[in-house]
Amino acid sequence: MLMFRRLDTFRFRLAAAGRWLARTSHYLVNNMGQGSEAMRYGLSVGLPVALAGTVLLVGGVPALAEYPERPITLIVPFNAGGPSDAVARIVGEHMARTLGRAIVVENVLGAGGTVGTARAARAAADGYTLVLGHMGTHATAVGLYPELAYKPATDFDALGMIAGFGVVVVARKDFPATNLKEFMAYAKANGDKLNNAHAGLSSVAYAACLQFNGMLGIKPTLIPYQGAAPFTTALLAGQVDYVCDQVLNSAPHVKSGGIKAFAVASPVRNTAVPDVPTTTEAGLSEFQFSAWNALFAPAGTPKLVIEKLNAALGKALDDEAVRNRLTGLGADVATPVQRSPQYLTEFLNREIDRWTPILKAASR
């Protein structure tokens, strides 16, 4: 109620200012000399137009202040049950409570996440369609797809970083190696016979193993799947040999013994798989890799909407229950600085600059 009383007061003062402007413009127009026709025309047309623009601007305040008025769609460009889907649902659930409207997760699959991301780029910039982006859809895709249907740096407004996730080298449970050194030796001797699964060309799994395979000097057969959930099923069934997967996806299966984990591509051990050594400990210190997830809106989304969504995201990431759920999956939750739209915008540009030459060179 206080907000609406203040808005009514503001409208009253604006109306008074408008009446004063109208009287002033009328006086100036009718009391200028004959030699001032251009200025008279400018005042007679320009002042009313400026006043109308001000009224329209204020008329838009209630719409933005009341956002959201209906459910929000959060596009996840990967399979339900995968890492990105888990993050979206954990964070979206809390944001929905803060915003007072449901956030509906829509899984839109295809082309390493680029199909769903392209749909989000074409959506109305009104705050009712968001997308969960990550390094694959918003950074590596630029270097992998010459005719990418969207431009990550310009077709989206950054909302905020959510978390970074470690990558772990995992293999089918009967793979003939017990540690990373044994895996590397076996892979170097049998690289062309191995099957390496991934979730599409712009996925984290593809980019991580591209770097890993390059370090080992091997060229396995690459098997694409539509998301992490399907390739995990294949790995559990022994249909593929290994994956460079995000920890939050592999951790439950590592703990249950369904798959083998050789090393986490990080300088420190991951809390979700504390018994798995780092690549530094395992003998491949140069392999360091961290995936990230963030929220984006179509470019041109009103600033007040961006601010409201960013505040809801920050509140979610400050919630102890949300943080525990994310860290339990192996996430490094974004700091308050990393959650800002400005930080994410600058970080994204650096990621695009980093990955584009690497991936273009690899595709030659």
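**Close-up views of a predicted model**

View 1. Covering the buried residues of H6 are, among others, helix H5 (114-122), strand E3 (129-134), strand E4 (156-172), helix H8 (204-216), strand E9 (290-298) and helix H14 (341-362). Helices (H or I, at least four residues) and strands (E, at least two) are DSSP runs, numbered from the N terminus. This is a predicted model, with residues numbered from 1 along each chain as its sequence is written; local features need pLDDT of at least 70, and side-chain atom pairs count only at pLDDT 80 or more. Totals for chains, interfaces and linings use all residues, while side-chain values use heavy atoms, with hydrogens and water left out. The buried set is Met135, Gly136, Thr137, His138, Ala139, Thr140, Ala141, Gly143 and Leu144. Buried here means under 20% relative accessible area, exposed over 50%, and partly exposed in between (1.4 Å probe, protein chains only).

**View 2. The whole protein chain, for orientation.** Step back and you find 14 helices and 10 strands in the protein chain. Of its 364 residues, 48% are buried. Look at contacts (heavy atoms within 4.5 Å) between residues at least 6 apart in sequence, and 78% of them join residues at least 24 apart. The chain exposes about 17000 Å², with carbon and sulfur atoms supplying 57% of that area (Shrake-Rupley method, 1.4 Å probe).

**View 3. The disulfide of cysteine 209 and cysteine 244.** The structure holds one disulfide, meaning a pair of cysteine sulfur atoms within 2.5 Å. In the link between cysteine 209 and cysteine 244, the sulfur atoms sit 2.1 Å apart. The link is right-handed, with 80° about the S-S bond. Cysteine 209 belongs to helix H8 and cysteine 244 to strand E7 (residues 242-246), so the pair ties together parts 35 residues apart in sequence. Both ends are tucked away: cysteine 209 is buried at a relative accessible area of 1%, and cysteine 244 is buried at 0%.

**View 4. Helix H10 and the glycine after it.** Zoom in on H10 (residues 247-256), and the buried residues are Val247, Leu248, Asn249, Ser250, Ala251 and Val254. Their cover includes helix H4 (83-99), E4, helix H9 (228-236), E7 and strand E8 (259-264). Glycine 257 follows H10 and has a positive phi, near 85°.

**View 5. Valine 276 in its loop.** Valine 276 sits in the loop between E8 and helix H11 (279-282). At 6% relative accessibility, valine 276 counts as buried. Leaving aside residues up to four places away in sequence, valine 276 touches Val168, Val254, Ala261, Phe262, Ala263, Val264 and Arg269. Its C-alpha is 6.7 Å from that of alanine 261, a residue 15 places away in sequence.

View 6. A cavity is a set of points on a 1 Å grid over the protein atoms alone where a 1.4 Å probe fits but cannot get out, and lining residues have an atom within 4 Å of a point. The count comes to one cavity of 30 Å³ or more.

Terms used. 1 Å grid on protein atoms, 1.4 Å probe; cavity = no way out; pocket = protein on both sides within 12 Å on 5 of 7 lines; lining within 4 Å. Points joined across faces, edges and corners; volume = space filled by probe spheres on them.
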